[in-house]
Amino acid sequence: MDHGSSISFARCCRYALVATAAWCIWTPPAHAEQVEAKGGRPGLTIAAGTLRSALDALARQSGISIGMAGSLPDLRVRRIDRARDVGDALRQMLARSGLRAVRVDATTWRIEAVPRSPSRPPRRRAPPPDLASGDIIVTASKRDERLSDLPASISIAGGQVLDRLAGRRGLVDVMASTDSAFSTNLGPGRDRIFLRGVADSAFNGTSQSLVSLYLDDVRIGYAAPDPDLRLVDVDRVEVLRGPQGTLYGTGALGGVVRIVTVAPDLDRITGSAAIEGTGVANGSLGGAVEGIVNVPILPGTLALRASGWSETMPGWIDDIGRNRRDVNRTRRIGGRAALRWAFGDWHATLGGIAQRIDARDSQYATDGLSRATRIAEPQDNDFTAATLTLQGPIGKLDAQATTAFVDQEFGSTYDASVLASSLGLTAPLAYIEDRSAQLLSQEIRVSDLTARHPWIVGATILHSTSRLDGRYFSTGGSPAVTARRDEEDVIDAAVFAEGTQQLTQTLDFKFGLRAFSTISHLEQVDPERERAARVGVTPSATLSWHRDDLGLVWLRYASAVRPAGVSRTAPIADRRIPGDELQSLELGWRIRVGGDVLALHGAVFGSVWEHLRSDTVGADGLLGTVDAGNANNYGLELGGRLDLAPVAIDFSMTLQRARLTSTSSVATVDDDDRRLPVVPDISARLAASRNFDVRGLPAQVYAAARYIGRTRLSFDPLLDRPAGRYATIDAGSSIDMGARRWSVDVTNLLDSRGNSFGFGNPLLSAARCRPCPCVRGRSRCG
C-alpha cells in the first residue's frame, strides 16, 4: 500500500500472535445449580401456552438467552409449577417434542433436535451466529424483546466474537466485525465510533458524540471519545444502526452501542482467570491477566460479582528523532464490581467501574512505521462510573429506575516546536491539553409484560459538564502560556413513549415519540459565556411484517438531534451553530432461506442530515467546530450466515454514498470532493469457521477478511488525507479442555499498512499545510 512520506499515517491493524488460557477457579456440581425466578423465590412457574410463549416467559423470569436456528415448532406446553432450575423447566417443556436444550454458557441455552440414532452422532453444528436469527431475548429496545420480533437493524456480538478478541479486547475491535461500523485509529482511549455513514470528522473535538455508548442501562459517553473499556465478563455487545432519538435521546444520530455485562448470580460461587501473551511484528511484546469472581453473600438474596484486569499493549512505532523504539506502548488497568440484592419481587444492583489507560506516546507515523519528534507525546484516559438500578413489577407492569455518575479525564501532549518562534517561546515546545467530562443521569421507565400490545413510557434527565484546558509549555524554562479554556454545561430533560399495535396476525405498527428540552451554557476565553436552548420532538414509526417460518421485514422512519453549539474558529457573527438533525428511512429484513441453512439480513436506507457539525483544526492548530452544511447518505447493507455444519460462513457488505449537499458560509470544503469523512463508499467482511474434535475435545478454527474502501479524514482540503483502501486477514484456533480454554489468534496476516483514520499531530498538520500558489483553492502539505 502507498504510505507516503509527508502524510500522517497510522498503522491500520497490528500483526499479533496471541495465546490465551482460562481455567475455572471453583464451580459447584451441576446438580446443585439453582436459577431463581425474577422475584427471587425458588422455583420457576410457566403458564400453559405455546412453546414460543413459554420460552419467552422463562427468559424473562431467569434472565437467560434462549436461541434456536430456524423457526420454533407450533407446540403446546402444559403449565410448569416450581421447576427447580432453568434446565428442569426446559426438560419439562420439550418432553416428547423431539427437541432438547443444550447449555452454551452461564446465561445462554440452545434448542436443537434430538439425534435420531445414538449409534450415529450428528455432525457438530456451528455455534449460533453472533447476529442471531433465532428467538433470543435482547434489551436494545429498553425492554425484553425477542430478536425475531425486533424490527431494527441490529448486530449482536456474543461469545463467538468476544472469544476472538484476545489481545484486542476493546469496543473498537468489536466494530471491526460489525456491519456498517467504523472507527478512528488514534490509539486506546482516543477513538471515535461511527455507524451507517453518520460521521463528521476524525478529530476528537468538543462536539457531542454521534453514537451513544451504554454500559448496560447507563450512558457512558457524551462529548468524549470511546473510553475503550476492556471487555471482561461481558455477555454481549448490541449495536443498533440508524438514528435512535426516540428511546435514547440526543446524540444517537448514527445509532447506539450497548455493552451488556454478566449479572451477579445469587446462588453459585464461580470464578475464572485468564492470561494472554501478545507479540507484534516489527514491535514489542505485551500481555494481560484478568480474573472474575462471583460470591453469593446471602444465597438467593445478595451476591457480589467482581472482575479485574491489567494489560500491556505492545508498541510498534519508532521515533527516529529521539532514537526511541516502540514508543506507543500502552498500559490499561481496571476493574468492575456489582452488588445485587433481591427483595420480594424486586432487585437492586449497585455497580462501579474504574479503568486507567496510559500511553507513553501517541500512535501515528509519517514514514512507514516511524516518525521524528523532539519530545514525547503521552496520552491518557481515566474512566470512572457508579450506577444504581432498581427493577421490579408494579402490578402487571415492569418498572425500572437507573441513576448513574460517569467521570472521564483524558489528556494529550503534542510536539508544538514548529510553532515556538511564532509564539515567542523557546523550543522544544509542548502543547498539553487536559479534558474532563462528567455525566449525571437519571431515567425512570415502565413497560408492560404482555406480548400482544407491548409499550414503554419513560422520563430522563441528564446533566453533562465538560472542560478543556490547553497550554503551551517550553522545556527550555519559559513559563506556561494558556492557549484555550472551554467549559460547557448541558441539561437535557425528556419524556418518551413507544408502543406497538397488531394490525393483523403478521403485520404490526410501532410508533414512538420523544419530547425534549436542552439548555446549554458555553463559556470560552473568547467569546464570553453564551446560552443556547432547544425544545423539540424526535418521532419514529415502524411497519413490520413477520412470519415464524420465514422471518421479519420492516419499514422504519426515525430521527435524532444534537443540541446547539458555539464555534471558536468561525467569525464572531457566525459562531452560533444550530443543532444537528438527522432523519432516516430504511427497509430492512432478517429472513431465513432453506430452513436452517441460510440466514440473511440487511437494509436499504437513506438519510438527510441538516446542519452537520464538524470538528476541524484552526489556523493555530487547535481543534474547533463549524457548521459544515447539509448532507445525505443512501446505501445498502447486506449480510448473512451460511451454515454447512460443521462449517459456517459469515459475510457482510455495505455500499453507501455519504455526501455534503450544501455547505455553510464558514465551512472550508473542496467543491470537487464532498464525501463525508471516515466512512467509505464500500466495505466488506467474510469469515469462515469449522468445528471439529481433537481426541474428543471440541475445537474450532477460523479465518476472517475485511476490506475498507477509499475514504478521507476531513472536509477541509488543508487537512484532508487519503485514508482507507486496505484489507486485513485474521486467523485463529481454539480448543476446550474441560474447564480450560486455549486459543491462538493472528491478526493482520498480510501486515497491511495504511491510514486507518489517524490524523497524527494536528499542530504539525496546520503548520505544514499552506495555500498552493498554482491552483486556486487547493493546498499543499509538506
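**Side-chain contacts in the predicted model**

In this predicted model, the backbone oxygen of Lys142 lies 3.1 Å from a polar atom of the side chain of Arg445. A polar contact is defined as a pair of N or O atoms within 3.5 Å; within protein, one atom must be able to donate a hydrogen and the other to accept it, and residues adjacent in sequence count only if both atoms are side-chain atoms. Residues are numbered from 1 along each chain as its sequence is written, and side-chain values use heavy atoms, with hydrogens and water left out. Because the model is predicted, local features need pLDDT of at least 70 and side-chain atom pairs count only at pLDDT 80 or more, whereas totals for chains, interfaces and linings use all residues.

Arg445 is placed in strand β27, where strands (E, at least two residues) and helices (H or I, at least four residues) are DSSP runs numbered from the N terminus. With a relative accessible area of 7%, Arg445 is buried; buried means under 20% relative accessible area, exposed over 50%, and partly exposed in between, for a 1.4 Å probe and protein chains only. A charge sits over a ring if NZ of Lys or CZ of Arg is within 6 Å of the ring centre and within 35 degrees of the ring normal. A further case is Arg371, which lies over the face of Tyr364 at 4.3 Å from the ring centre.

Aromatic pairs were considered next. A pair of aromatic rings is described by the distance of the centres and the angle of the planes. Rings of Phe, Tyr and Trp (its six-membered ring) pair if their centres lie within 6.5 Å; planes under 30 degrees apart count as stacked, over 60 as edge-to-face and the rest as tilted. A search of the whole structure finds 3 aromatic pairs. In one of them, the ring centres of Tyr214 and Tyr248 are 5.0 Å apart and the planes stand at 75°, so the pair is edge-to-face. Tyr214 belongs to strand β14 (residues 211-215) and Tyr248 to helix α5 (residues 245-248), so this pair ties together parts that are 34 residues apart in sequence. Tyr214 is buried at 7% relative accessibility, and Tyr248 is likewise buried at 3%.

Another of the pairs is tilted, because the rings of Tyr431 and Tyr472 have centres 5.3 Å apart and planes at 50°. This pair links distant parts of the chain, with Tyr431 in strand β27 (residues 429-448) and Tyr472 in strand β28 (residues 455-474), 41 residues apart. Tyr431 counts as buried at 2% relative accessibility, and Tyr472 is buried with a relative accessible area of 6%.

The structure holds 42 salt bridges, a salt bridge being a side-chain nitrogen of Lys or Arg within 4 Å of a carboxyl oxygen of Asp or Glu. Among them is that of Asp382 with Arg356, whose closest N and O atoms are 2.9 Å apart. Here Asp382 in strand β25 (residues 379-394) and Arg356 in strand β23 (residues 346-359) are 26 residues apart, and the pair links distant parts of the chain. Arg356 is partly exposed at 41% relative accessibility.

A salt bridge also joins Asp469 and Arg485, with the closest N and O atoms 3.1 Å apart. It connects strand β28, which holds Asp469, to strand β29 (residues 481-502), which holds Arg485, and the two residues are 16 residues apart. Both partners are partly exposed: Asp469 has a relative accessible area of 31%, and Arg485 one of 46%.

In the salt bridge of Arg613 with Asp580, the closest N and O atoms are 3.5 Å apart. Arg613 lies in strand β36 (residues 598-617) and Asp580 in the loop between β34 (576-577) and β35, so the pair ties together parts that are 33 residues apart in sequence. Arg613 is buried, with a relative accessible area of 5%, and Asp580 is buried at 0%. Salt bridges that share partners join Lys142, Asp217, Asp235, Arg236, Glu238, Arg258, Glu443 and Arg445 into one network.
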